[in-house]
Amino acid sequence: MPQLPPLRLGVNVDHVATLRNARGGERPDPVRAALAAIAAGADGITAHLREDRRHIRDDDMARLKAEISKPLNFEMAATVDMLKIALATRPHAVCLVPERREELTTEGGLDVVGQHNALAPFIARLNDVGIRVSLFIAADPAQIEMAARLRAPVIEIHTGAWCDAVVDGHAATAKAEWQRIVAGAALARAAGLEVHAGHGLDYETAEKIAGLPEIVELNIGYYMIGEALFVGLGETVRTMRAAMDRGRRNLESGDLARQGRA
């Protein structure tokens, strides 16, 4: 098998801001967390600026763009206000995600099939100024095919249902969700899309999904910030990187059966 590029790790710092906002004030600082993650080996930083500003705030996004040395992935809903902020911030990438004020976390993938007319001008505008657009979608063939037609260069596969099934011990559901991810990643790559993945990943699931050759980037946040409370953020990033590297090595050594692909 040809040498694969290293799998990129994007660290989401949203929940450092969640902890800060629970008390008010300025600490813990998500920008300091981003710098620590980069120092430990993260390839980029992800942050979701929500409509209700429940964690990341506008000044966090501006400071992240100004102070980090790695790419900034700006997660946002497709709204006029968010588009204005993204165009002013000029991050490396924008990941368009669904958003409901009532949800605790992002509950599913963006419905690009049902919302293609609304999404098209957002994608075009961001493309025009050189911001790489990613669509956070389920591993569903119709959604993937529409993403390609909308000229979004990247998709991020929502891995939440698979990860939840793994953690809850629902083996049949986990197997079915895994096969959807395998097929979806292959379809997306064949359509010319760059393929990322994220949501709910831990060391175990990150290692497994790293064995999919189509996946080039994982974006992970909540689990890593939780682990960091016990071992520190730097150690968490290094451990996650090691898990991802093991998954890549398994693929490169030809151990595909263990990944459920043979």
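Is Trp-162 buried or exposed? At 3% relative accessibility, Trp-162 is buried. Buried here means under 20% relative accessible area, exposed means over 50%, and partly exposed lies in between, with a 1.4 Å probe and protein chains only.

A word on the source. This is a predicted model, where local features need pLDDT of at least 70 and side-chain atom pairs count only at pLDDT 80 or more, while totals for chains, interfaces and linings use all residues. Residues are numbered from 1 along each chain as its sequence is written, and side-chain values use heavy atoms, without hydrogens and water.

Now the aromatic pairs. Rings of Phe, Tyr and Trp (its six-membered ring) pair if their centres lie within 6.5 Å; planes under 30 degrees apart are stacked, over 60 edge-to-face, the rest tilted. That rule gives two aromatic pairs.

Take Trp-162 and Trp-178. Their pair is tilted, 4.9 Å centre to centre, with 35° between the planes. Trp-162 sits in helix H7 (residues 160–168) and Trp-178 in helix H8 (residues 171–190), so the pair ties together parts 16 residues apart in sequence. Helices are DSSP runs (H or I, at least four residues), numbered from the N terminus. Trp-178 is buried too, at 3%.

The charged end of Lys-208 sits over its ring, 4.7 Å from the centre. The cut-offs: NZ of Lys or CZ of Arg within 6 Å of the ring centre and within 35 degrees of the ring normal.

On to Tyr-203 and Tyr-223. This pair is edge-to-face: 5.2 Å between centres, 90° between planes. It links helix H9 (residues 203–209) to helix H10 (residues 222–231), with the two tyrosines 20 residues apart. Tyr-203 is buried at 18%. Tyr-223 is partly exposed at 27%.
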